[in-house]
Amino acid sequence: MSESIEEFQIQVDDSILEDLRHRLAQTRFPDQIEDTGWDYGIPVDYLRELVEYWRDTYDWRSEEARLNSWDHYRTPIDGQEIHFIHARSAHPDALPLLITHGWPGSIVEFLDVIPRLTDPESYGGQGSDAFHVIAPSLPGYGFSEPPRSRGWDSQRIAEAFVELMDRLGYPTYVAQGGDWGSQVTTRIGALDPAHCAAIHLNMALGSSPPSPGALTDEEQADLASMKQFGDEEAGYSHEQGTKPQTLGVALNDSPAGLLAWIVEKFRTWSDCDGDPENCFTRDQLITNVMLYWVTQTSASSARLYWETKHQDSRTKALPFVNVPTGVARYPKEVLRWPRSWVECQYNVVRWTVMERGGHFPAMEQPELFVDDLREHFRTAR
């Protein structure tokens, strides 16, 4: 297969948008027990508002134009077409930054931080802090091709993204990630220390030391919170990790169902005080969902959970990462391991306790997110 890098433009056919409006107009909303709020999932009244806004007010063409204001490309790697934004800074000596999203996110997460990273002077920074930003869509997500074979787990994605950076001609780069992006970035740091100079994570992974010491009250509370998350909030992961194809039928057929499935997570996993629109605009929420809808990648994105759950022993164990690692610890992140446990996994040189923010910090707190990246990666320049 060719190793060429081809320019790519997002251009959704009018027929897809017409079909979407028709499906939204035909939505069958379920009933709801009175005064239950979000206890059982997304409230029907709020979902109805979002569906009506999506159908009658939301302007995809405007959002499409915003996305296309950045340079998009696709290139074949390991038999798959990988899509990525390549936002070059005007500073020729800018540091290349590979930034990776997760589920249920997309490259939409980074639209507010890319200009801050590439053009720091316009946002209170210095030219010496500039980055060339490479933001790929995970295989099976957005405009990256859905995998046609088994085995596309976080290890294989990391290998593909290392190849991508080499193909772009970057002998030295840094990497950042959260959610699946954290898994991928962790493995990139371990796989490619000769070229990846440092990594930064907003959902660092951890493992219990052989002889764990005493934990602080805060660390014990964090572990209790993660247990509660596993008990009450992780059903999506079990379903996507066991029967993603069955779930994908519903999500690929019903835009309202897809919207509900994703927006509930944005609400629960963010620092929004119970109202997702305290953190995100409706356009942000819907544009992210659109990248799943117009590409029909609901099932293929969910399959990453299956691949990870069924990884072989070669890829299941996380390697120790020796490259300098920065950790941004947001108060509403769903996984908050004790620092001593994280240090069993990484060479942690920067640990920042953030004032606010959750699982989607580039969208929730773009200024805080970028400031911490700048500080950490100055050591890699």
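Which strand gives the most to the lining of the second largest cavity? I opened my notebook with that. I am working on a predicted model.

**Entry 1: the second largest cavity.** I looked up the strand and found β8, residues 321-329. It gives three residues to this lining. The cavity has a volume of about 80 Å³. Sorted by class, the lining has nine nonpolar residues, one polar and three charged.

**Entry 2: the search.** How many cavities of 30 Å³ or more does the whole structure hold? My search found three. I noted the general idea too: rolling a probe the size of a water molecule over the atoms shows where empty space is left.

**Entry 3: the largest cavity.** I read off about 100 Å³ of space for the largest cavity. Its lining has 18 residues. Nearest the centre I listed Gly102, Glu109, Gly178, Asn202 and His359. Two elements, β6 (173-177) and α15 (361-364), each give two or more residues to this lining. By class, I have seven nonpolar, nine polar and two charged residues here.

**Entry 4: the core.** I turned to the largest nonpolar core, which has 108 residues. Which members touch the most others? I wrote down Trp54, Trp60, Phe161, Ile188, Leu259, Met290 and Tyr346. In soluble globular proteins, nonpolar side chains tend to be buried together.

**Entry 5: Phe161.** I picked Phe161 and set aside its neighbours within four places in sequence. Its contacts are Ile82, Leu98, Thr100, Pro136, Ser137, Leu138, Pro139, Val184 and Ile188. Ile188 was also on my list from the core.

Terms used. Residues are numbered from 1 along each chain as its sequence is written. This is a predicted model: local features need pLDDT of at least 70, side-chain atom pairs count only at pLDDT 80 or more; totals for chains, interfaces and linings use all residues. Side-chain values use heavy atoms; hydrogens and water are left out. A nonpolar core is a set of buried Ala, Val, Leu, Ile, Met, Phe, Trp, Tyr and Cys residues joined through side-chain atoms within 4.5 Å. Buried means under 20% relative accessible area, exposed over 50%, partly exposed in between (1.4 Å probe, protein chains only). Contact means heavy atoms within 4.5 Å. On a 1 Å grid over the protein atoms alone, a cavity is a set of points where a 1.4 Å probe fits but cannot get out, and a pocket is an open set with protein on both sides within 12 Å along at least five of seven lines; lining residues have an atom within 4 Å of a point. Grid points are joined across faces, edges and corners, and a volume is the space filled by probe spheres set on the points. Helices (H or I, at least four residues) and strands (E, at least two) are DSSP runs, numbered from the N terminus. Ala, Val, Leu, Ile, Met, Phe, Trp, Tyr, Cys and Pro count as nonpolar, Asp, Glu, Lys and Arg as charged, and the others, Gly among them, as polar.
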